[in-house]
Amino acid sequence: MREITDEKRKIIEHRTDFLVPGMELAHDICSADGKILFAKNSIISQHNIQKLGNWQIPKVFVYAEVTAANPIVDPKIQKFLNTYNQSVLVVQKAFDDIRATQKVPLDTFTATAADIAESVTEAGNVIDRLYNLPPCDDYTMYHSVNVSAISALIATWLKFPPEQVNAISLAGLLHDVGKSLLPPELLHKPYKLSPEEYEQYRKHVSYGYELVSKIPDISQSITAAVFQHHERRDGSGYPGGITDYYIHPYAKIIAVADLYDEGLTINRENPQSMLSPYCSLQKLWDEVYRLDPKACITFADTMADFLSGNRVMLTDGREGRVVFINKKKPSSSMVQLDDGSVVDLSEHPEVYIHYVVR
């Protein structure tokens, strides 16, 4: 039985054979052709349960029968949010120190990464909360913390032992440390970089490697992850254009976390696009042949399980609620529009989920 927490109530994925009358549906239940069989917030009756069994629907999402009045006070989630906010401040100061001294305060990064890994793995899936942020001029700090947290979650889902989860979290926190040596105006450009600017931007990988390589006794796994997080298994990445066999496993995990988060923060083409996990997951699926398939698919599949139920804006201006996730094409999922009709976006390639309405 899997649990999810929305903004107000805990949601449980419940086996149909354990349903009892009086439970409340948390998501619409749809047929294969998109018709709503039972609507969200319906109270389940014995007759409904029999129908679900006849239709061979194995699991449904229901609201927990016993839950806290305000799940945000869940101590594990609150611990993660406190750790997250503190980590952003710590990384911001660390980047300022690096610009001034050309030295990486490893103890600061190590302690912060350990806190992030512990709090995020205890709290479970809290990735959606990373993006409930106010507008900000500098997403580099948020991006570093986000990649650290997402990398730690991926490593946990891949069953890495805790010590390695911490190392991967540290590598994620350090992966863009070379950006501290780039001109701020380059990092804060609100539009696409020119070819010349992009070449300058790519140097952050080499700058980062040079910085972390100077740290006494730092693990070669960490330096490899910092240096290789933009490499791709088909040889199309940078800085070395190396292929799958030569890319460190930590770098492969960070590459997935980095690519997902970039679409939501740093490389957003407009302010709203940062709120579309559907588009970012779609980007991962489009790039899966270049990324580590196990890390990519594990992350994308697990994340997709949490994306049903969101209120979204479509690219044609219509709004609705996601009722069924197309895991291979998340931005082309099934959406119930405000007029009650259900549209399968996979049948309408000209329209897709644009962003989540907050």
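Author: What follows is a set of questions and answers about this model, which is a predicted one.

Reader: Which residues of helix H11 are buried?

Author: Helix H11 spans residues 277–286 and is mostly covered, with seven of its ten residues buried. The cover over these buried residues includes helix H10 (249–262) and helix H12 (293–304), together with strands S6 (311–314), S7 (319–324) and S10 (353–356). The buried residues of H11 are Pro277, Tyr278, Ser280, Leu281, Gln282, Leu284 and Trp285.

Reader: Is glycine 34 buried or exposed?

Author: Glycine 34 lies in the loop between strand S3 (29–30) and strand S4 (36–38). Its relative accessibility is 6%, and because a residue under 20% is classed as buried, the class of glycine 34 is buried.

Reader: What is the separation between the C-alpha atoms of glycine 34 and valine 342?

Author: When neighbours within four places in sequence are left aside, glycine 34 is in contact with Met334 and Val342. Glycine 34 and valine 342 are 308 residues apart along the chain, and the separation of their C-alpha atoms is 6.3 Å.

Reader: How are the rings of phenylalanine 80 and tyrosine 84 arranged: stacked, edge-to-face or tilted?

Author: The structure holds nine aromatic pairs. For phenylalanine 80 and tyrosine 84, the ring centres are 6.0 Å apart and the planes meet at 40°, so this pair is tilted.

Reader: Where do phenylalanine 80 and tyrosine 84 lie?

Author: Both phenylalanine 80 and tyrosine 84 are buried, and ring pairs link Phe80, Tyr84 and Tyr142 into a cluster. Phenylalanine 80 and tyrosine 84 are four residues apart, about one turn of the helix, and the element that holds both is helix H2 (residues 75–101).

Reader: What is the relative accessible area of phenylalanine 299?

Author: Tryptophan 157 and phenylalanine 299 form a stacked aromatic pair, at 6.3 Å centre to centre and with 25° between the planes. The pair links distant parts of the chain, 142 residues apart, with tryptophan 157 in helix H4 (residues 140–157) and phenylalanine 299 in helix H12. Tryptophan 157 is partly exposed, at a relative accessible area of 22%, whereas phenylalanine 299 is buried, with a value of 0%.

Reader: Which residues are joined with Lys79 in a network of salt bridges?

Author: Side chains of opposite charge can pair when their charged atoms come close. The structure holds 13 salt bridges, and in one of them the side chains of glutamate 122 and lysine 79 meet at 3.5 Å, N to O. That pair links distant parts of the chain, 43 residues apart, since glutamate 122 is in helix H3 (residues 106–123) and lysine 79 in helix H2. Through salt bridges that share partners, the residues joined with Lys79 into one network are Glu118 and Glu122.

Reader: What are the relative accessible areas of glutamate 122 and lysine 79?

Author: Glutamate 122 and lysine 79 meet in a salt bridge, and each has a value that can be given separately. Glutamate 122 is partly exposed at 37%, and lysine 79 is likewise partly exposed, at 31%.

Reader: What is the separation of the closest N and O atoms in the salt bridge of aspartate 96 with arginine 99?

Author: Aspartate 96 and arginine 99 are three residues apart in helix H2, which means that about one helical turn separates them. Aspartate 96 is partly exposed at 42% relative accessibility, and arginine 99 is partly exposed at 31%. The closest N and O atoms of their salt bridge are separated by 3.0 Å.

Reader: How many residues apart in sequence are the parts tied together by arginine 233 and aspartate 244?

Author: Arginine 233 forms a salt bridge with aspartate 244, with 4.0 Å between the closest N and O atoms. Both residues lie in the loop between helix H9 (220–228) and H10, so the pair ties together parts whose distance in sequence is eleven residues.

Reader: Which side chain is joined to that of lysine 179 by a polar contact?

Author: Lysine 179 is found in the loop between helix H5 (162–174) and helix H6 (184–187). Lysine 179 is buried, with a relative accessible area of 1%. A polar contact of 2.9 Å joins its side chain to that of aspartate 176.

Definitions and conventions
Residues numbered from 1 in each chain as written. Predicted model: local features only at pLDDT ≥ 70, side-chain atom pairs only at ≥ 80, totals over all residues. Heavy atoms only, no water. Buried < 20%, exposed > 50% of the residue type's maximum accessible area, 1.4 Å probe, protein only. Helix = DSSP H or I, 4+ residues; strand = E, 2+ residues; numbered from the N terminus. Contact = heavy atoms within 4.5 Å. Phe/Tyr/Trp six-rings, centres within 6.5 Å; stacked < 30°, edge-to-face > 60°. Polar contact = N/O pair within 3.5 Å; in protein donor to acceptor, adjacent residues only side chain to side chain.
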